[in-house]
Amino acid sequence: MISDEVRTQSNIISEYRYTTGKIDKGYNNRTLYVNVGTGEIREKPVTQMMKDKLIGGKGFGLWYLWNAVTPETRWDDPENEIVISTGPLGGITQYPGAGKSLVVTISPLTGMPMDSNVGGHFGPLLKFAGFDSIELQGKSEEDVIIFIDGNEGIVKIEKSPLKVSDSHLIGEQMAHVFSENEEDKKNVSVVSTGSAAEHAFMGLLNFTFYDARRKKIRMKQAGRGGTGTVFRNKRIKALVVRFRGVNRGLNNPVNQDILNETGVKMHREIHENDAKQNRMREVGTAGLIEIMNAYDLLPTHNFKYGSHRDASKISSEIFKKMVTQNMPDGCWYGCSLSCAKAVDNFELKTGPYKGEKVLVDGPEYENAAGLGANLGIFDPQYVIEGNFYCDTYGIDTISFATTTAFIMECFENGIINREVTGGLDLKFGNREAALELLHQMGRGEGFGKIAGLGVRRLKQIFIEKYGADPGFLNDIGMEQKGLEYSQYLPKESLAQQGGYGLTNKGPQHDEAWLIFMDMVNNQLPTFEDKAEALHYFPMFRTWFGLNGLCKLPWNDIVPADNKKEADPTKVPGHVRNYVSIFYAVTGIQVDNDEIIRQSERVYNLQRIFNVRMGCGRRVNDRVPYRSQGPVTVEEYESRAERYDGQLLELAGFDPEGKTTAEKMAVLRKYREDQYEKLIDAVYERRGWTNNGIPTIKKLKELGMDLPELLAVVEKLQ
Amino acid sequence: MKILQKKLELCTQCRVCEMECSRTWFKEEKSEKSRIRIHQDNLLTCTQCGECIKICQVQAIYRDKFGVIKVDRKKCIGCFMCVGFCPERAMFMHNDYAEPFKCVACGKCVQKCPTNAIYILEEAAG
């Protein structure tokens, strides 16, 4: 442990003093700008236009980033920024899931704006320290830390005193240095990444919070798209905020009573129903494993199949025994859904911390599905171990898992061999090899260093260096727009193929999760139905990221009488709650339609940002065939009855007496054609051209006909 | 351990207990500011079970040396999770106050109850 003496005056590179203020109806109306290259620190106003059109969170992040970069900017250019913002509702302590931060940057994986939604206490404490967002720009020549003292009104860039490079240690040490005693640690939150983010493009950011009961520093992850890689490239070791004095009223809402009453209503609902519904308080999101497996949706062996006979070995019942029960596991105050589970005193069996007993945040569904099922490794101890190392090394578990699954399939197909992998026997099911690959990523060595570049670049390397068949790799490489797929098998749900494919940042399920509505409940029979869902749900879900909210308390718990509502899938009771609390904080009365319009403004800004960066067109929305249908003979034959039936009923093709290859070709043509029709319908519903460009008419309707945006889309109409 | 106990069959719902409690703790007579509450056919009182201690993220709720559960107002951040999670619905909130409140078995209401429908039980700890 480093001592306080390490921080001496001579280590301060730059210092800025500001007047602490009072939040007004959810906004500080200012942003903190820090340039680690030049040492410049200053305040920037949050304009009325930003509040009116962009709300906050991801909206602010995208706007600052837009103004910071050019179409030529690459992820590692100094002008690239990392913007972290809450939103007007961020930091309220009454309603579950109100402590989220939105991280926006140009991604090393996609080359486009990335947004990642993360819990932990940084966003709310930053807000209480006086800022709606923080913009980090420039590149330092030496490792630095940034410290914001939210009570004294001081921001400093200092030379980093840290000798450690992994997040669980950085978080602990920074909390120690910047707090006076154990009790004071609750007032500190640290953003950091780990050693792997030095090399891998899938680096994540860890946001800490102090768990008062365990007396431990815990971490939540801004996982997707390489935000941690950008952070390390700027040579920031830690971003620390301290604010003492959190209480219920710091947002200065226009109506505290509504917040109190709506919050208590939700707490009561969760108390009464969670154990009967999704058991978030018991097992967190890991409860999904057996459900996905039962519906043939759990990706196994690089998304080849949707279920596995050994899935019960990583089911929620197993994890329930491993995570400590009856703990208040909210990642911000007032979150009674409490999904942030943790395994205590887990003894590590591999890697640099072998033999140490650590706290592991998780496992979440994505960890268990990705590290477990998708790699064919049904070992819960290994899942926890992989979960810990991914987090502390600063590696996105989703990208790691999907990339490793791709590598394993390539290995088993002889595209690469032990010579290429440096001796690693990367077959499905080999947990030692998977963990060693992860440790190599941490050390920046061997094949692990190459794997850290992600599926898109690996495809290129395997094609160019090892003569792989580009068609096959593009079919099985589960990335789109450069981002690896998250862990749901969308093959049998056209709507979810679009739910992944027609996203702004790449195939992440936070925009739309329509599998049950589409495939299981058959609620979206027509293209128009699917298009409506692929308009409404991505827009509605975007709204959480504008406001500093978590999506889970919207539909991972529903009111007991939800089924009686006209459209239960939208959970209207909770939408009414959001309308209420948005008014309670900001004083602005919205309705469900206005929520959607607020999101559409930012959604279209992000789409146009993609266009500006050279993506964001129809061609970028196409998906790998593995996400649409069976790529290989064994995939087809494993579900031959299903596919044969579809050929006959849907494609008008009699499979009788045909070879598997013939049937696969017809099925593929049918499914790809369906996806194109889906794109047509969705673009039309979203107000985009047939090439996926937002129309000027749509932008005018939304009040987003800003000159900067029009300049990008006008020539493409 | 001190616990307020009830004999529902004796309660006439006269609300004297609510008024006494509210006057004692908040200097005004309002049912919605009472820490004992008549609700439908029930009398909501704290059983000092301690469920709320487990719920609280900031450890503002604790059991004192008499076994009575109390809220430390200095630590409380006003999330009201304890209000939603109390199995007896006996943790209360009022919009005039930043923190929740509950029965601390002070016994003031017992003294006023005209039908002896409530009483204080003292149990050995453990």
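Domain bounds here come from an automatic or database domain assignment. The model is predicted. Chain A is split into three parts: domain 1 (4–242), domain 2 (274–484) and domain 3 (494–557 + 590–716).

The C-alpha centres of domain 2 of chain A and domain 3 of chain A are separated by 25 Å. Domain 2 of chain A brings 33 residues to the contact, and domain 3 of chain A brings 35 residues. Together the two domains of chain A bury about 2500 Å². Carbon and sulfur atoms account for 61% of that area. On the side of domain 2 of chain A, the greatest losses of area to domain 3 of chain A fall on A:Asp475, A:Gln480 and A:Lys481. These residues together make up 25% of what that side buries.

Charged pairing is present at this interface. Six salt bridges cross between domain 2 of chain A and domain 3 of chain A. A:Lys481 also takes part in a salt bridge, with A:Asp621 as partner. Their closest N and O atoms lie 2.8 Å apart. Polar contacts across the interface of domain 2 of chain A and domain 3 of chain A number 17 residue pairs, both residues being at pLDDT 80 or more. Several elements of domain 2 of chain A give two or more residues to the side that touches domain 3 of chain A, among them helix H12 (397–412), helix H17 (470–476) and strand E16 (479–480). H17(A) gives the most to that side, with four residues. By class, the side of domain 2 of chain A holds 14 nonpolar, 10 polar and nine charged residues.

The second interface joins two chains. Here 27 residues of chain A contact 22 residues of chain B. Chain A and chain B bury about 2200 Å² between them, with 53% on carbon and sulfur atoms. Three arginines stand out on chain A. A:Arg213, A:Arg248 and A:Arg268 supply 26% of the area that chain A buries against chain B, more than any other three residues.

One salt bridge is counted between chain A and chain B. The side chains of A:Glu272 and B:Arg89 meet in a salt bridge, at 3.2 Å from N to O. Polar contacts between chain A and chain B come to 14 residue pairs, both at pLDDT 80 or more. Helix H6 (residues 256–273) of chain A provides the largest share of the side that touches chain B, nine residues. That side of chain A comprises eight nonpolar, 10 polar and nine charged residues.

Terms used. Residues numbered from 1 in each chain as written. Chains lettered and ligands numbered in written order. Predicted model: local features only at pLDDT ≥ 70, side-chain atom pairs only at ≥ 80, totals over all residues. Heavy atoms only, no water. Contact = heavy atoms within 4.5 Å. Buried area = accessible area lost by both parts, 1.4 Å probe. Salt bridge = Lys/Arg side-chain N within 4 Å of Asp/Glu carboxyl O. Polar contact = N/O pair within 3.5 Å; in protein donor to acceptor, adjacent residues only side chain to side chain. Nonpolar A, V, L, I, M, F, W, Y, C, P; charged D, E, K, R; others polar.
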